[in-house]
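Subject: Model for your files

Hello,

Here is the model I said I would pass on.

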Amino acid sequence: MFEATARDHRNQRVQTSIRLGFLSMTLLLAAPVLIVLGALVYKGMPIISLDFLLGDPTHGMTQGGIFPALVGTVCIVVVALIASVPAGVAAAVYLSEYAPENWLTRAINLGILNLAGVPSIVHALFGVGAFVLFFGFGTSILAASLTLAVMTLPVVIVATKESLQAVPMAFREACWNMGATRWQTIRTVVLPNAVSGILTGVILEVSRTAGETAPIMFTGAAFFLPFLPQSVYDQTMAMSLHLFVISTQVPDVPEALPYGVALVLIGIVLVMNSISIAFRIWLRNRKKW
Amino acid sequence: MVSDTPTQDPLLSVRGLGIRYGTKQVLSGVDFEVQRNEIFGVIGPANAGKTSMLRVLNRMDAFNKNMHVDGEVRFRGKDIKSWRNLYALRRRIGVVFPLPVGLPMSIYDNVALSPRLRGIKKKAQLDEIVERCLTRAALWDEVKDRQSQLGSLLSGGQQQRLTIARALSQDPELLLLDEFSIAVDPVTTMKIEDVLRELKSELTIILVTNLVQQARRLADRTAFFLGGTCVEVGVTEDLFTGEVQDQRTRDYVEGRFG
Amino acid sequence: MVPTQTESQPAAAASLEEADRRDLDWWIDKLVEGLVFIGGISAIVFITAIFVFITKEGVGFLGSRFDFSEFFFSQAWRPTSESKPTYGALALIAGTASVTGFAVLMAVPFSLGAAIYIAEFAPPKQREILKVLVELLAAIPSVVWGFIGLSMMNPLIIELFDVPIGLTVLNAGVILGLMAAPIMTTIAEDALKAVPDSYREGAEALGATRWQTIFRVTLPAARNGLVAAVLLGVGRGFGETMAVLMASGHSINVPDSVFDSVRALTATIAAELGETAVGSEHYQALFTLGILLFVVTFFINLTADLVVRGIRKS
């Protein structure tokens, strides 16, 4: 009897310590986010000002602001979205609403998995070979955006597919029973109820696209170009590449400058991600059926 | 559209209908005819293949690769498998399934959806259709002041009546009702039954029900399904007064099994 | 209006044929089906196009200058040598392998631990918060990680271990581990969540503790998903470019220890592509590295997919 109780106590202690062990592993994984953020804010915040955000880089990029890079990133992201969102939504509609269970569907899914898994620098090589050279767009916003569009296509597809599949089958059947065509059903019932989920995916894609560096290095982003792009055939500076350049390629950069750039970049990315996450939680808690 | 020679010109004729899902046979050798402007009852215990049959009648089997259909179904004399535009066929056949589905749009839009898809755009015309269909489904009085609310958030019974209103908004020639009263309270059931009796002058109804007495109240003729076959088809009153060919039919209507 | 039978049937048949027209909506439906099908196969088209285009640019090198034993067994990556350029990728492969290997060694225990905690122990609120943190960890762009390696980890490593340089396998490995951890955690957690609760209840009914249940029942049942998680983490680390470029020291070298600087395949392409002339031997050699990267990640993803498919079958 006594022995059993002692064992129970020991077990209890073992259980607790195992639980704490796993918790500390989790926290060790989560802590870097906070440390990194803290450090970037601490070291980068002092340099952030309106002049920094809206000024051109000067003195060989060792002083001044980041305005051309900021505008360039926005341009690249917008063009990439224009290219990838329609294609991604179409692909997701096909996979969710039409695709039969066959080898082709499996191949498509494998293709999506690989598009997401191929190294970003390989996407960059593809962009150079296809968009810059073969299609003759040259190093331009268009080439860079298309490269990123191909690379982030899986983000839109996966998010859209999930939100389409979250619409109950019964709604589709009710619509079909009324003699609605498949497309009428998708247009009137499925898409309207999935649109917020799709938006979540798009925001996530914005965040991915804004942060990527390797795919745009050789396809459209310039090291230093203190002008705003006039058309999609122009090159442009971009936040991500700017951070790389001033922290590795340019001598005598004051310490705060790259921290400021990194802070703005990660700010854009995390704000986008947080919106996407908040949106998702809001969606989950809102009941429409 | 009233025909004076109903037996020679049935609205729907089913010959040798068999249904199987993969290798599982759920229905076989079903024959019956449904005349214009009658209420045709289908009774029988669960898993008798009744619901599967309704799915075939409006070609929902086309979206289910696993579902195999044998035999022949003629709608107004034309084999339903020969329809090139099966959406047009479905528009002529309204269906109400036992689990009510209010679409996640406003009550008004739920009922106006089918007319809109048919190309009706005029607000006045739509208003008229919505009011007429909701009234017929015995729902108008409850929702007329809140037509912009989500149809999917109505109570189960109200959603069921909304589904009926939606089926009516298609202006169908044939209405398939599958155990519509499951989610509806008795009073409303009675209201809807009255509506169905009125509708009989305009359209044809196939009423699948597990309530034997409901079939007796409403149906002109009734088919008894059991274990994947159609045991008997006859004038409803005959089934209840003992004029049956098969002992199982009598046992079922008298409540010996169910 | 009571038509006789002889009149009504042809009339009805005619109106029925009229009703059974392929109307505009029918054609629009077909058109949309075609359009979304194109969208659907675009994923296959793009992945094929990637392979075709990088092969097209690299094939000149593969066909003429490529020497199998030099490429895979020589450390001499001297593409810009005036007298005799050599293209030995061994050091680059070793660089990628060492950094990825170190990263995975670091990340696997923590990721699996975190996945187990989130899936099995954490109360709902905590789980929500932890998952958001993991997601934010995944969102940090690789160039920011590289910058962190360069400006924060570098001095830290020099200080802590008293070494001359902090841009090493250790630095890049830790960074890469943090980058690969979220995907491993997420997929491993999904795999654990997919284990039916009846398994756990069954084990607990037999008197197993939580811990025994996890180790004897849940983990084995989720095995395939966990393997896939690790594989995808490896793929992530293997293909990472900017962080490795900035944090690994960028010296062509087969490392002896984690305190050596190395250079990865991806980083080599990123660093050198801008300096080469289109179509030159060096340029084509970089595309050949790209082909190698593509093929390896393709097989990693394929294997992960097959392993995951294995779970669904069983």
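Predicted model: local features only at pLDDT ≥ 70, side-chain atom pairs only at ≥ 80, totals over all residues.

Chains A and C

The contact between these two chains involves 74 residues of chain C and 70 residues of chain A. On the chain C side, helix α2 (residues 24-63) provides the largest share, with 23 residues. Sorted by class, the side of chain C that touches chain A has 50 nonpolar, 16 polar and eight charged residues.

One helix pair within this contact can be described in detail. Helix α8 (residues 182-211) of chain A and α2(C) have axes that come within 7 Å and cross at roughly 75°. An angle from 65 to 115 degrees counts as roughly perpendicular, and α8(A) and α2(C) are therefore roughly perpendicular to each other. From α8(A) the residues involved are A:R182, A:W183 and A:Q184, while α2(C) contributes C:D25, C:I28, C:D29, C:V32 and C:E33. The contact of α8(A) with α2(C) consists of three nonpolar, one polar and four charged residues.

Chains A and B

Here the contact takes 16 residues from chain A and 20 residues from chain B. On the chain A side, α7 (169-177) and α8 each supply at least two residues. The helix that gives the most to this side is α7(A), with five residues. The side of chain A that touches chain B comprises nine nonpolar residues, six polar ones and one charged.

A helix pair inside chain C

The axes of helix α7 (residues 169-193) and helix α10 (residues 223-239) of chain C come within 8 Å, crossing at roughly 155°. Since angles over 145 degrees count as roughly antiparallel, α7(C) is roughly antiparallel to α10(C). The crossing of α7(C) past α10(C) is right-handed. On α7(C), the residues that meet α10(C) are C:L176, C:M179, C:A180, C:I183, C:M184, C:I187, C:A188, C:D190 and C:A191. Their counterparts on α10(C) are C:G225, C:L226, C:A228, C:A229, C:V230, C:L232, C:G233, C:R236 and C:G237. By class, the contact of α7(C) with α10(C) has 13 nonpolar, three polar and two charged residues.

The fold of chain B

Chain B contains 10 helices and 10 strands. The radius of gyration of chain B is 18 Å, close to the 18 Å given by the globule rule for 258 residues, so chain B is as compact as a globular protein of that length. Along the principal axes, the C-alpha atoms of chain B fill a box of roughly 55 × 40 × 40 Å.

Six strands of chain B form an open sheet with mixed pairing, in the order β6-β7-β8-β3-β9-β10. At the edges are β6 (93-96) and β10 (229-235) of chain B, each pairing on one side only. From one strand to the next, the twist averages 15°.

Within this sheet, strand β3 (residues 39-43) and strand β9 (residues 221-226) of chain B pair in the parallel sense over four bridges.

Regards

Technical notes
Residues numbered from 1 in each chain as written. Chains lettered and ligands numbered in written order. Contact = placed C-beta atoms within 7 Å. Nonpolar A, V, L, I, M, F, W, Y, C, P; charged D, E, K, R; others polar. Axes fitted to C-alpha atoms, helices over the stretch in contact; angles between N-to-C directions. Parallel < 35°, antiparallel > 145°, perpendicular 65-115°, else oblique. Left-handed = near helix turned anticlockwise from the far one by under 90°. Pairing = 2+ DSSP bridges. Rg over C-alpha atoms; globule rule 2.2 N^0.38 Å.
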